[in-house]
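Hi everyone, thanks for making the time this morning. I'd like to walk you through the pockets and the ligand site in this one, so let me put it up on the screen.

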Amino acid sequence: MKMVLGILNTDDAPSAMQALTKAGFFITKLSTTGGFLRAGNVTILVGVEDEKVQEVIDIIHEHAHSRTQLMPTTSEAGVGFFPTMPVQVRVGGATIFVLDVDQFLKF
Ligand code: 2BA
């Protein structure tokens, strides 16, 4: 068994989760924050049999789109911080990790 851990853009997560649920997968959604942009994203956990991993990845891929986001920056000028031009950052639609599961128990 595997655990597919997907970090999704907040805008893509609802349709990806709807498609995964429709396909019969069980999902847990976590509200998370990216360490770099400090913007909200969505992390989903999907526990699946090994042969279903690719189907989960394909569904997420179908619904995840990369986009550019603006990152506000500041500079220190000796008299305090002031805003400078925001930097464009290319953010992927989804970052996926596939982990081995030792045990899967439900009580
Ligand atoms: P953030 O950490 O907010 O990163 C947003 C985007 O900023 C990244 O997009 C990447 O384009 C850029 N970025 C991140 N860290 C950087 C760094 N140290 N130097 C330069 N640019 C950097 P993605 O790579 O598509 O990542 C989207 C989100 O997925 C990330 O949000 C983070 O929450 C998660 N993520 C990506 N890779 C990860 C990893 N190896 N481990 C844990 N989380 C990861």
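The lining of the largest pocket divides into 8 nonpolar, 9 polar and 1 charged residues. Before I go on, please keep in mind that this is a predicted model. The volume of that largest pocket comes out at about 320 Å³. It has 18 lining residues, and the closest to the centre are Leu 37, Asn 41, Gln 69, Val 91 and Gly 92.

Which strands build that lining? At least two residues each come from β1, at 2-9, β3, at 40-48, β5, at 81-91, and β6, at 94-100. The top contributor to the lining of the largest pocket is β1, with 3 residues.

Now for the ligand. Around the ligand you'll find Ile 7, Gly 34, Gly 35, Phe 36, Leu 37, Asn 41, Val 89, Arg 90, Val 91, Gly 92, Thr 95 and Phe 97. Sorted by class, the shell around the ligand holds 6 nonpolar, 5 polar and 1 charged residues.

So what are the polar atoms doing? At Gly 92, a polar backbone atom sits 2.7 Å from an oxygen atom of the ligand. With Asn 41, it's the side chain: one of its N or O atoms is 3.0 Å from a ligand oxygen. Thr 95 also uses its side chain, where an N or O atom lies 3.5 Å from an oxygen atom of the ligand.

How much of the ligand does the protein bury? On its own, the ligand exposes 740 Å², and 50% of that is buried by the protein. As for the strands, β5 and β6 are the elements that give two or more residues to the shell around the ligand. Of these, β5 gives the most, with 3 residues.

Last stop, the second largest pocket. This one holds about 190 Å³ of space. Its lining is made up of Met 1, Met 3, Phe 26, Ile 27, Thr 28, Leu 45, Gly 47, Val 101, Phe 104 and Lys 106. In terms of class, that's 7 nonpolar, 2 polar and 1 charged.

That's my tour, and I'm happy to go back to any part of it.

Note on methods:
Residues numbered from 1 in each chain as written. Predicted model: local features only at pLDDT ≥ 70, side-chain atom pairs only at ≥ 80, totals over all residues. Heavy atoms only, no water. 1 Å grid on protein atoms, 1.4 Å probe; cavity = no way out; pocket = protein on both sides within 12 Å on 5 of 7 lines; lining within 4 Å. Points joined across faces, edges and corners; volume = space filled by probe spheres on them. Helix = DSSP H or I, 4+ residues; strand = E, 2+ residues; numbered from the N terminus. Nonpolar A, V, L, I, M, F, W, Y, C, P; charged D, E, K, R; others polar. Near = heavy atom within 4 Å. Polar contact = N/O pair within 3.5 Å; in protein donor to acceptor, adjacent residues only side chain to side chain. Areas by Shrake-Rupley, 256 points an atom, 1.4 Å probe, with all protein chains shown as cover.
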